[in-house]
Amino acid sequence: MKLSPRSLCIAALGLAALLTVPHPAQAASAALPADIAATKTITFCSSLTLPPLEFLSDAQQPEGSDIDLGEALAKRLGVTAKWINMPFAGLVPNLLAGHCDAVISGLFIKPERLKVINEIPYMYTREGFILKTGKPLLSGPEALSGEKAATVTGTTATNLLTAANAALVKAGKKPITIVMFPENAPALQQVQFGQVAAYGVAYETALYYSALEPSQFKVGGPAYFKILSGIGVSKEQPGLEAALTGALHDVMADGTYATIFNKWHIGIDMLPK
């Protein structure tokens, strides 16, 4: 059965009680996997196209709040972080194939995802729209009835627009034409050139681009969806999951976590202490 956006959000938020960060002593007893301990390197998969969470700097280096957090976790574990950039749709398959040790990339915690990987909750994420500057604000996804909207393949924005289409058709209204792209840049260009009415994306990313290029982009309205995001780890690596969980507890306790989120102006997405 396919979950509605509302039930998906409720289910994911309800996982918070089950996915709480344990006491550091619990994680301290867990050893890192042998390959990480031997190489002193932890490899993270990330789709570096979603600022301010993760993106490539002008020098083509990983940057963003997720990158800073991953680096802080690696430091706590006494290892070096290595980043592999790939399309969002490939993150979980590459984790399962062992091409990386963990995923930090705004990965929403969803029941169907938890069937194949484990996730350590570390922030809230919201969904919204990017519009071309000058366009009227949207009241929600259904306001795009009969219009074209861009999304990135494999993201929750695509699922939310698909669910909105079901509601629109049921109400006798025209559906949204969803145009999917493998990454962020072409979706933004479609908005800029007026080829689509909106780009469904993380609300944090909408805020970022509206501040970076206000003459081109604007936030399409208030966030309409909220969900927990998690660090993805293989179910076959309980030791790594425990170690990362303990490291996350430490960076939250010592203020590093808050410093990172405030640096990138997403303090509203922090988990409560």
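The structure holds 2 cavities of 30 Å³ or more. This is a predicted model, in which local features need pLDDT of at least 70 and side-chain atom pairs count only at pLDDT 80 or more, while totals for chains, interfaces and linings use all residues. Residues are numbered from 1 along each chain as its sequence is written, and side-chain values use heavy atoms, with hydrogens and water left out.

Q: What makes a space in this structure a cavity?
A: On a 1 Å grid over the protein atoms alone, a cavity is a set of points where a 1.4 Å probe fits but cannot get out. The largest cavity has a volume of about 260 Å³, a volume being the space filled by probe spheres set on the points, which are joined across faces, edges and corners.

Q: Which residues line the largest cavity, and which of them lie nearest its centre?
A: Lining residues have an atom within 4 Å of a point; there are 24 of them here, and Leu50, Phe88, Thr155, Val201 and Ala202 lie nearest the centre. The elements that give two or more residues to this lining are S2, S6, strand S7 (118-132), strand S8 (148-152), helix H6 (156-170) and strand S10 (198-202), and S10 gives the most, with 4 residues. Helices (H or I, at least four residues) and strands (E, at least two) are DSSP runs, numbered from the N terminus.

Q: Why is the pair Cys45 and Cys100 called a disulfide?
A: A disulfide is a pair of cysteine sulfur atoms within 2.5 Å, and the sulfur atoms of Cys45 and Cys100 are 2.2 Å apart, so the pair qualifies.

Q: How do you know whether Cys45 and Cys100 are buried or exposed?
A: Buried means under 20% relative accessible area, exposed over 50%, and partly exposed in between (1.4 Å probe, protein chains only). Cys45 has a relative accessible area of 0% and Cys100 one of 5%, so both residues are buried.

Q: What makes strands S3 and S4 a pair?
A: Two strands pair if DSSP finds at least two bridges between them; strand S3 (residues 54-56) and S4 share 2 bridges in the antiparallel sense, so they meet this requirement.

How values were computed: On a 1 Å grid over the protein atoms alone, a cavity is a set of points where a 1.4 Å probe fits but cannot get out, and a pocket is an open set with protein on both sides within 12 Å along at least five of seven lines; lining residues have an atom within 4 Å of a point.
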